Amino acid sequence: MVASSVLGFPRIGANREIKKAVEAYWAGKLSADELTKVAAEVKKTTWTSLKERGVDFIPSGDFSLYDHVLDHSAAFNAIPKRYLGHNLSPLDTYFAMGRGRQAGGVDVPASEMKKWFDSNYHFVVPEFSEETDFKLLFNKAVEEFKEAQALGINTRPVVLGPISFLVLGKAAKEAKPGFQPISLLPKLLPVYKQLLSELKAAGAEWVQVDEPILVLDSASNYEKEYVAAYTELAPVSPKIVIATYYGRLDSNVNIVAQLPVAGLHIDLARAPAQLDSVLAAVKPTQLILSLGLVNGRNIWKTDIEAAVKLGQKAIATLGAERVIAATSSSLLHTPVTLAAEDRLTPEQKDWFAFALEKAEEVHVIAAVLSGSQDPKVTAAYEANKASIARRRDFERNSDDAVRQRVAAITPDLLKRKSPFAVRKEVQKQKLNLPKFPTTTIGSFPQTKEIRTARAKLNKKEISETEYNEFIKKEIQSVVAFQERIGLDVLVHGEPERNDMVQYFGERLNGFVFTQNGWVQSYGSRYVRPPIIVSDVSRPGPITVEWSKYAQSITNKPMKGMLTGPVTILNWSFPRDDVSREIQSKQLALALRDEVIDLEKAGISAVQVDEPALREGLPLRKVDWPAYLDWATSSFKLATAGVTDALQTHSHFCYSDFDDIFTSIQDLDADVISIEASKSDMKLLNTFKHYGYSNQIGPGVYDIHSPRVPSEQEIKDRIAAMLAILPADLLVVNPDCGLKTRGWKETEASLVNLVNAARWARSLA
Ligand code: GLN
Ligand code: ZN
């Protein structure tokens, strides 16, 4: 018998109960007890629905009110000192670590967040030092195991593994120089022992211990630690299955193969080709192999026939008793259920599987692999084959013109007409900008009035004409404001955009949208990624009318504002049937036409934002060059179709360029803006070190906080920048867009920014 397994489940609840309850708790409108009750209901629904769908290994302990890594740090007493001594309940201390706290005399910032591997989920980075005093403050795995048990449901608890926990963390500020979190392993293991033995005592037969760092190059440095840790833990623990996901193990499989554990889970959705090498490595061992056949990272229906083939291959080597059919990773990255989507056409709905539907797929795959004759299984299998065939038909009949256009891309399409040095002079003439030109990143405050107007339009309470008039007024006031305070390169403020990706997706062919497809980004923040379902093309101009209008009411240069191809792709659910490279290039061609149209409409600067360029980097270094090649080519394809006079801008929301520096240079944007206010001057030294040659605007103030930077602070930053970067390359701008800010602080901050730039001009 092949068993079925789900590695983890979305926490939000089918009706966003958790998001609402957590936010109500923060607002003081819900008590801690009530919050616990809502959470218990959501967990119960999850467990019972997984059981009803025939899943054998149902996860528990994976639920979280904020982030599972944060849960783990809190449970293990890895709580930075700054959160202690405020007289906060454990729950409030936990939330303070996640999101900061500024109330009742307590003022602590949030802990650092980082992207969880190559996903758009963010985890709260654990902080360690020599002082870290691990203790098991609570045992979430046991509590949830018992909670499910009381409902008559036997689960397989999930625990973040010790090596991944330490390696994903960072040295706290107070740690001694050179401190390595992994050095804490001997102190950490007793706590794991306690956790796991409590699980065993509670009756858990299995435990899923997540060690996702095993798909990274760096894991090979920790072989010794892996052996030490699991040799110590296995004897006191329920049977351990080590879970890896999001990538391939490569040689790290040899680390696992020597551990005294009972099972290994591998991701075959992301890395199907690893099956052979993993089978070879585990064959001589006793390990049970859990096959990640159902993709936890996307929303496409699984091709069950293909999954069954992989399963049969594993069975042929290991025997059915040693094989489990599973989701590739936790289903955290997928929405809860397709059932609530009533605006998708039946044809579209037939393509997808969200978390609950994926759970069903896992069951069917396991049943087929077990030789089940159950008519329900046979019917589900046949229905799946028919769906997949319909989808393949659809794919074959996609847009030929788009495909031919991608196939016909030649290297000269990626090159501007002249090199930067020449363009710079042409643009100087055309744009007539002062030294240290000032600009912003695009958005201005998205006020309540703007969101209300959009909501009214969607509910048809106001007409399109009325809405457009409203947006025009917004643009007028944003433009007038920028003129009044003396900014140099203006923007229209993006009031018409609901979201920087969705707005474009809605105006391109090839996308569909869900009503309830919420996916956790961090804490209580969820996004609803668009889905790319077919070849992407631009039915007509997208932003041109708005940019043209904005330019018509000012004599200063108006910057057009687009989201770049790589970012649109990374923040959408991509297709499964063609490569990301092809999808990115289709997007790039559509945007290229838009950039060309903007220039034709009299716009002299266009910004193409690529904040997601870096997060798209593959997990393994050997895969970087290929990605960076198509990613930079896509940007260039989008921006190189114009004359030398058009000033292209790009923007990146981060300050960590070490890994992608040459690619940034390679983009050949005339101006880039980057987040820099919080980083020290090391960042600019990186740019200097590599000889960055185009114009650059390192952000002079942090837009994530309502705090107004003083004029002097900005002057100091500019002065520090000028000590490193050539004066004629420096542009003055904030860190990022202003859409989440209020008007008051925006106005005050930008006035100080403009005055500081004027001061810099007066120095020369
Ligand atoms: N132009 C966008 C804005 O200003 C860029 C946002 C981003 O890069 N995240 O909002
Ligand atoms: Zn940004």
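**Exercise 1. Find which residues come nearest to ligand 1, and sort the shell by class.**

Start with the neighbours. This is a predicted model, and in it 13 residues sit around ligand 1. The ones that come nearest are Ile-441, Gly-442, Ser-443, Pro-611 and Gly-737. Next, sort the shell: six residues are nonpolar, four are polar and three are charged.

**Exercise 2. Work out how the five-strand sheet is put together, and which strands form its edges.**

First, read off the order: β19-β20-β21-β22-β23, an open sheet with parallel pairing. Now look for strands that pair on one side only; these are β19 (559–563) and β23, the edge strands. From one strand to the next, the twist averages 20°.

Then zoom in on one pair. Strand β22, residues 671–674, runs parallel to β23 and is joined to it by four bridges. Here Ile-672 has Ile-696 of β23 standing opposite.

**Exercise 3. Decide which residues of helix α25 are buried and which are exposed, and say where each set lies.**

Step one: pick out the buried residues of α25 (residues 682–689), namely Leu-683, Leu-684 and Phe-687. Step two: check their directions. They span an arc of only 95° around the axis, so they lie on the same side of α25. Step three: turn to the face pointing away from that buried side, where you'll find exposed Lys-682, Asn-685 and His-689.

**Exercise 4. Describe the hairpin of β16 and β17.**

Begin with the strands. β16 covers residues 519–522 and β17 covers residues 525–527; they run antiparallel, with three bridges joining them. One of the bridge pairs is Gln-520 with Tyr-526 in β17. Now for the turn: two residues lie between the strands, and Gly-523 takes a positive phi near 50°.

**Exercise 5. Is Arg-392 buried or exposed?**

Locate the residue first: Arg-392 is in helix α14, residues 375–396. Then count its neighbours. There are 12 other C-beta atoms within 10 Å, and a residue with 12 or fewer counts as exposed. So Arg-392 is exposed.

To finish, compare sequence with space: Arg-392 and Trp-351 are 41 residues apart along the chain, while their C-alpha atoms are 9.9 Å apart.

Methods: Residues numbered from 1 in each chain as written. Chains lettered and ligands numbered in written order. Predicted model: local features only at pLDDT ≥ 70, side-chain atom pairs only at ≥ 80, totals over all residues. Near = placed C-beta within 6 Å. Nonpolar A, V, L, I, M, F, W, Y, C, P; charged D, E, K, R; others polar. Pairing = 2+ DSSP bridges. Buried ≥ 20, exposed ≤ 12 C-beta atoms within 10 Å, placed from the backbone. Arc of directions from axis to C-beta. Axes fitted to C-alpha atoms, helices over the stretch in contact; angles between N-to-C directions.
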